[in-house]
Amino acid sequence: MIDERLLEIRSYDGPGYQPLIDYDKWRVAFLRYSDEMLSERIFAMQRHDETDEVFVLLEGRCILFLGKGHDTINAITAVDMVPRKLYNVKRGVWHSHTLNKEASVLIVENRDTTVQNSPKLLLNDDQRRRIVDITHELWQE
């Protein structure tokens, strides 16, 4: 066993979001598939008011949805993530994601990212349909 003062080793195989390492001002987490991330179950987008957020697809598939606008979402675009590329969602940008069952995503964000500085915005029916349609188009379902 290696002394954790020298090296921390963390892994996560469960569902959803799990912070793994916090240090000073940053946090590293994993995001893995859970049923609530199915495109049909995305009811809201969130933004982080105090930090950018970096996503790295390690395996599987993940679509990153981005909402344009500040108080409302005027348009939704999406990126079908490519493994081992860095995707930096800028501070204040509405976003959400859908993952397939094999997906594992590495996330880097500020350590103090919380629900208090990460508001959510409910999507209307047209926006929810758009997310489902984009997923079907990109993944040929």
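Reader: What is T51 in contact with, leaving aside its neighbours within four places in sequence?

Author: T51 is in contact with R91, E109, N110 and T113, once neighbours within four places in sequence are set aside. Contact means heavy atoms within 4.5 Å. The model is a predicted one, where local features need pLDDT of at least 70, side-chain atom pairs count only at pLDDT 80 or more, and totals for chains, interfaces and linings use all residues. Residues are numbered from 1 along each chain as its sequence is written, and side-chain values use heavy atoms, with hydrogens and water left out.

Reader: What joins the side chains of T51 and N110?

Author: A polar contact of 3.2 Å joins them. The term covers a pair of N or O atoms within 3.5 Å; within protein, one must be able to donate a hydrogen and the other to accept it, and residues adjacent in sequence count only if both atoms are side-chain atoms.

Reader: Why does T51 count as buried?

Author: Buried means under 20% relative accessible area, exposed over 50%, and partly exposed in between (1.4 Å probe, protein chains only). T51 has 8% relative accessibility, so it counts as buried. Its place is in the loop between β3 and β4; strands are DSSP runs of E with at least two residues, helices are runs of H or I with at least four, and both are numbered from the N terminus.

Reader: Does S96 count as buried or exposed, and what does S96 touch?

Author: S96, in strand β8, has 11% relative accessibility and therefore counts as buried. Not counting residues up to four places away in sequence, S96 touches I42, A44, M45, I63, L64 and F65.

Reader: Why does W26 count as partly exposed?

Author: W26 lies in strand β2. Its relative accessibility is 38%, so W26 counts as partly exposed. Beyond residues up to four places away in sequence, W26 touches I21, E109, N110 and R111.

Reader: Why does D24 count as exposed?

Author: D24 is at 54% relative accessibility and so counts as exposed. The residue sits in the loop between β1 (16-23) and β2, and has a positive phi of about 45° although it is not a glycine.

Reader: What is the phi of R84, and why does R84 count as exposed?

Author: R84 has a positive phi of about 70° although it is not a glycine. R84 counts as exposed because its relative accessibility is 67%. Its place is in the loop between β6 (75-80) and β7 (86-89).

Reader: How many helices and strands does the protein chain have, and what makes it as compact as a globular protein of that length?

Author: The secondary structure comes to one helix and 10 strands. The radius of gyration of the protein chain is 16 Å, close to the 14 Å that the globule rule gives for 141 residues, so the chain is as compact as a globular protein of that length. That radius is taken over C-alpha atoms, and the rule is 2.2 Å times the number of residues to the power 0.38. Buried residues make up 39% of the 141 residues.

Reader: How do the residues of the lining of the largest pocket divide?

Author: They divide into 10 nonpolar, eight polar and six charged. Ala, Val, Leu, Ile, Met, Phe, Trp, Tyr, Cys and Pro count as nonpolar, Asp, Glu, Lys and Arg as charged, and the others, Gly among them, as polar. A pocket is an open set of points on a 1 Å grid over the protein atoms alone, where a 1.4 Å probe fits, with protein on both sides within 12 Å along at least five of seven lines; lining residues have an atom within 4 Å of a point. Y17, E36, Q46, H97 and K120 lie nearest the centre of the largest pocket.
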